[in-house]
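This briefing is meant to be read beside the sequence and the coordinates.

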Amino acid sequence: MNLRTPLARARGLGSAKSGTHHWWMQRLTAVALVPLSLWFVASLVVVVTADHETVILWLHSPLVAILCCALIVAIFYHGQLGMQVVLEDYVHTETLKLVSIVVLKLASVLLTATCLFAVLSIAFGG
Amino acid sequence: MEKSQRPLSPHLQIYRPQLTSVLSITHRITGVALVIGTLVLVYWLLAAASGPEAYASAQALLGSWLGRVVMLGFSYALFFHLCNGIRHLFWDVGLGFELKTAYASGNAVIAVSIALTVIAWALAYAMRSGP
């Protein structure tokens, strides 16, 4: 006998109420990161070996700034999803698991904001 | 106690590792490494935004021999995670599960990730010694 309502089953969100959202977002960010990370590494090969002025000029390009912002959001979203699974797998103390995941989530948002701020301040800077 | 004839779960110390399981745990290890590597990205971007002096010292730190060894590790981790991640995406849509294919794609991941790392570093050194 299934005690769940037909609506609950149709929604397919399970006991965590999020369904396949975690899995799906991990794949979505992975797909986005394939071209983004290849582009970023290819750019770095040129940029990283040059001086400060080259980096600034590079990030002054709107396309570069936009792609960098997309890359930053995708990297930290993907990274925190993956780290969450690792913590859930290996941290067996319930309190420590909860605390570490909360710290992870908040830190990833903070680091995303920091990186976006750095990119945008260069992009909009003189 | 009588020994159970049921199959046991792999005992890591005595279980002979296969390519598939080694790549699986390496995917996770490189993923965690890359999350740590994002801190380098934060540092580098902040240094670039702070100005020429801060950027120069960041470049000096990352360009030191120890910095280069660490960056070589991060770049290989990135290329491995990228290639094996694509392998995972094919599995996600139900392709490449045959044992032969899984081993062939696993070997391809190792070859391509090493090749991409070598190409990236060769290009970076070629750019540097240029103009």
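A residue is taken as buried if 20 or more other C-beta atoms lie within 10 Å of its own, as exposed if 12 or fewer do, and as partly exposed in between, with the C-beta atoms placed from the backbone. Ala33(B), which has 17 C-beta neighbours inside 10 Å, therefore counts as partly exposed. The model is a predicted one, and it scores ipTM 0.90 and pTM 0.90.

**Confidence**
- For chain B the mean pLDDT is 92, and 95% of the residues of this chain reach 70 or more.

**Helix H1 of chain B**
- Helix H1 of chain B covers residues 19-50, which is 32 residues, and its first and last C-alpha atoms are 45 Å apart, close to the 46 Å expected at 1.5 Å a residue.
- The buried residues in H1(B) include Leu23(B), Thr30(B), Gly31(B), Leu34(B) and Val35(B), and also Leu41(B), Trp44(B) and Leu45(B).
- The cover over the buried residues of H1(B) comes from both chains, and it includes helices H3 (52-60), H4 (62-90) and H5 (94-124) of chain A as well as helices H2 (52-63), H3 (65-92) and H4 (99-128) of chain B.
- After H1(B) comes Gly51(B), which has a positive phi, near 135°.

**Contact between the chains**
- Between the two chains, 25 residues of chain A are in contact with 26 residues of chain B.
- On the side of chain A that touches chain B, helix H2 (21-47), H3, H4 and H5 of chain A each supply at least two residues, and H2(A) gives the most, with 8 residues.

**H5(A) against H1(B)**
- The axes of H5(A) and H1(B) come within 9 Å and cross at roughly 30°, which makes H5(A) roughly parallel to H1(B), because angles under 35 degrees count as such.
- H5(A) passes H1(B) in a left-handed crossing.
- The contact is made from H5(A) by residues including Leu111(A), Thr114(A), Cys115(A) and Ala118(A), and from H1(B) by residues including Thr38(B), Leu41(B), Val42(B) and Leu45(B).
- Of the H1(B) residues in this contact, Leu41(B) and Leu45(B) are also among the buried residues of the helix.

**H4(A) against H1(B)**
- The axes of H4(A) and H1(B) come within 10 Å and cross at roughly 130°, which makes H4(A) oblique to H1(B).
- The crossing in which H4(A) passes H1(B) is left-handed.
- Here Ile75(A), Phe76(A), Gly79(A), Gly82(A), Met83(A) and Val86(A) in H4(A) meet Arg28(B), Gly31(B), Val32(B), Leu34(B), Val35(B) and Thr38(B) in H1(B).
- Thr38(B) takes part in the contact with H4(A) and also in the contact with H5(A).

**Two individual residues of chain B**
- Ala33(B) has its place in helix H1 of chain B, and, not counting residues up to four places away in sequence, it touches Phe74(B) and Ala77(B).
- The C-alpha atoms of Ala33(B) and Pro7(B) are separated by 33 Å, and the two residues lie 26 residues apart along the chain.
- Leu95(B) has its place in the loop between H3 and H4 of chain B, and it counts as exposed because it has 12 C-beta neighbours inside 10 Å.
- Between the C-alpha atoms of Leu95(B) and Arg16(B), which are 79 residues apart along the chain, the separation is 26 Å.

How values were computed. Residues numbered from 1 in each chain as written. Chains lettered and ligands numbered in written order. Predicted model: local features only at pLDDT ≥ 70, side-chain atom pairs only at ≥ 80, totals over all residues. pLDDT = per-residue confidence, 0-100. Helix = DSSP H or I, 4+ residues; strand = E, 2+ residues; numbered from the N terminus. Expected span 1.5 Å × (residues − 1). Contact = placed C-beta atoms within 7 Å. Axes fitted to C-alpha atoms, helices over the stretch in contact; angles between N-to-C directions. Parallel < 35°, antiparallel > 145°, perpendicular 65-115°, else oblique. Left-handed = near helix turned anticlockwise from the far one by under 90°.
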